[in-house]
Amino acid sequence: MTGTDGTRRRARAIRLGPRSWAALALVSAVGVAGVGWPFLAPPDSALNAHSQDAPWLFAGLLVLLVAVVAATISESGLGPKAVAMLGVLAATGAALRPIGAGTAGLEPMFFLMVLSGRVLGPGFGFVLGSVTMFASALLTGGVGPWLPFQMLSMGWFTMGAGFLPGADRLRGRAELWLLAVYGFLAAFAYGTVMNMAGWPFMGTLASNISFDPDASVPANLARFLTYCLATSLGWDLGRALVTVALTLAVGTPVLKALRRATRRAAFEAPVTFAAHPERRSLDGPHPRG
């Protein structure tokens, strides 16, 4: 798609409107509170007193996530072509996730989420990330109170790629390196968010690195960093390196395929109907000659 100045403009399958942005802001705020409350709530707060019950409390975040997706789809008028592309990409991502599950964090689905968010924009990216994680949880049996946080984190991860600069102009190796760097950093961010969601509920499994509701924020921060280094650094590094490697190795053809599919789908093209020749003959006189 080209604009009046000759520059390329990407078509977005889902455009976020005011209601969608408001719902996304709400669910993001609740998500931040859900994963960051150990560093936000004072030691004598009632939330710390019920720290073992909090996973079920914040599991209600799933309801808000569904509301965000529903609001985004209903407001944007998501057409059948966009629904089809959403289904194909979500199914592909869900199928890719179990390939490396249990093997040092080798999860190839992350690179597909980065490239999809880049091409199709932040609105489509958030919906795709959330739906893909939900579908993969059903596929692998990973349904639990952690699922809402996985859906939200993956939605953020994929949406962030849609906000990267140069979407209409940047191409070639420069774009691949931009996506690779983003994927590397975002892979660690995803792992950190998921660590924050599960770390407070370790109980006494590892007293030196578990959350202490009576400790100060700096002390708990030190415990959390130790927990990340001891339990998830290898997984996060593996996820980040795989994302970088796949982005640089096969990013170019995947980006071209996604852009070609987006252009052919013509998500934003208005539907018009040509008049039938016989109908035109009845509506006006025949030309003479």
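**Salt bridges around E175**

Mentor: Let's start with E175, which forms a salt bridge with R259, the closest N and O atoms being 2.5 Å apart. E175 lies in helix α8 and R259 in helix α10 (residues 233-265), so the pair ties together parts that are 84 residues apart in sequence. Helices here are DSSP runs of H or I, at least four residues, numbered from the N terminus.

Trainee: What kind of model is this?

Mentor: This is a predicted model: local features need pLDDT of at least 70, side-chain atom pairs count only at pLDDT 80 or more, and totals for chains, interfaces and linings use all residues. Residues are numbered from 1 along each chain as its sequence is written, and side-chain values use heavy atoms, leaving out hydrogens and water.

Trainee: What is a salt bridge?

Mentor: Side chains of opposite charge can pair when their charged atoms come close. The cut-off is a side-chain nitrogen of Lys or Arg within 4 Å of a carboxyl oxygen of Asp or Glu.

Trainee: How many salt bridges does the structure hold?

Mentor: Three. In one of them, R118 meets E175 (2.9 Å, N to O). R118 belongs to helix α6 (residues 109-140) and E175 to helix α8 (residues 173-198), so parts 57 residues apart in sequence are tied together. Another joins the side chains of D236 and R239, also at 2.9 Å, N to O. Shared partners link R118, E175 and R259 into one network.

Trainee: Is E175 buried or exposed?

Mentor: Buried, with a relative accessible area of 2%; the cut-off for buried is under 20% (1.4 Å probe, protein chains only), with exposed over 50% and partly exposed in between. R259 counts as buried too, at 14%.

Conventions: Helices (H or I, at least four residues) and strands (E, at least two) are DSSP runs, numbered from the N terminus.
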